[in-house]
Amino acid sequence: MSEIATENICPLCNRVLAEPTSRHHLLPLSKGGRDTPTILLHKICQTKVHAVFTETELKNYYNTVERLQEHDEIAKFIKWVSKKDPEFYDGSIKKK
Ligand SMILES: [Zn+2]
């Protein structure tokens, strides 16, 4: 099991982690991601990832934090969320 050591920082937005958080499978569970590396993200960050990408896209390409961060919509989201409190969660983001 390889896990990010600095679990107090969200690897997607690089803000301090605070509840609610959500464990993200870099390889989606539905695509064979069981027992594969996971990262702990803010719930809003994880929800955003699933709002932008389908599980097939996540499996086929967006399976590293670096690739997620390179996507325009995620880059915009990171810029936006960086001004929010670590506890901020927006329930209006819909999963794809
Ligand atoms: Zn985050």
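This report describes helices, a nonpolar core and several individual residues in a predicted model.

## Basis of the description

Because the model is predicted, local features need pLDDT of at least 70 and side-chain atom pairs count only at pLDDT 80 or more, whereas totals for chains, interfaces and linings use all residues. Residues are numbered from 1 along each chain as its sequence is written. Helices (H or I, at least four residues) and strands (E, at least two) are DSSP runs, numbered from the N terminus.

## Helix H1 and its partner H4

Helix H1 covers residues 43-52 and helix H4 covers residues 72-81, and the two pack at an angle of about 155 degrees with their axes 11 Å apart. The axes are lines fitted to C-alpha atoms, for helices over the stretch in contact, and the angles, which run from 0 to 180 degrees, are taken between N-to-C directions. H1 and H4 are therefore roughly antiparallel to each other, a word used for angles over 145 degrees, while those under 35 count as roughly parallel, those from 65 to 115 as roughly perpendicular and the rest as oblique. The crossing of H1 past H4 is right-handed, meaning that the near helix is turned clockwise from the far one by less than a right angle, with anticlockwise giving a left-handed crossing.

On the H1 side the contact is made by Ile44, Lys48 and Val52, and on the H4 side by Glu73, Ile74, Phe77 and Val81; two residues are in contact if their C-beta atoms, placed from the backbone, lie within 7 Å. By class, this contact of H1 with H4 has five nonpolar, no polar and two charged residues, where Ala, Val, Leu, Ile, Met, Phe, Trp, Tyr, Cys and Pro count as nonpolar, Asp, Glu, Lys and Arg as charged, and the others, Gly among them, as polar.

## How H1 is covered

H1 is mostly covered, with seven of its 10 residues buried. A residue is buried if 20 or more other C-beta atoms lie within 10 Å of its own, exposed if 12 or fewer, and partly exposed in between, with C-beta atoms placed from the backbone. The buried residues of H1 are Lys43, Ile44, Cys45, Gln46, Thr47, Lys48 and Val49, and what covers them includes S1, S2, helix H3 (65-70) and H4.

## The largest nonpolar core

A nonpolar core is a set of buried Ala, Val, Leu, Ile, Met, Phe, Trp, Tyr and Cys residues joined through C-beta atoms within 7 Å. The largest such core has 15 residues, and those with the most contacts inside it are Cys10, Leu12, Cys13, Leu41, Cys45 and Leu68. S2, H1 and H4 are the elements that give two or more residues to this core. Leaving aside neighbours within four places in sequence, Leu68 is in contact with Leu12, Val49, Tyr62 and Ile74.

## Residues that are partly exposed

Ile9 is in the segment before strand S1 (21-25) and is partly exposed, with 14 other C-beta atoms within 10 Å. Beyond four places in sequence, Ile9 is in contact with Asn14, Val16 and Leu17.

Leu26 lies in the loop between S1 and strand S2 (38-42) and counts as partly exposed, with 18 C-beta neighbours inside 10 Å. Not counting residues up to four places away in sequence, Leu26 touches Thr36, Pro37, Ile39, Asn63 and Thr64.

## Backbone features

Most residues other than glycine have a negative phi, and most peptide bonds are trans. Asn14, in the segment before S1, has a positive phi near 65 degrees and is exposed, with 11 other C-beta atoms within 10 Å. Asp35, in the loop between S1 and S2, has a positive phi of about 65 degrees although it is not a glycine, and counts as exposed with 10 C-beta neighbours inside 10 Å. The peptide bond from Glu19 to Pro20 is cis, with omega near 0 degrees, and Pro20 lies in the segment before S1.
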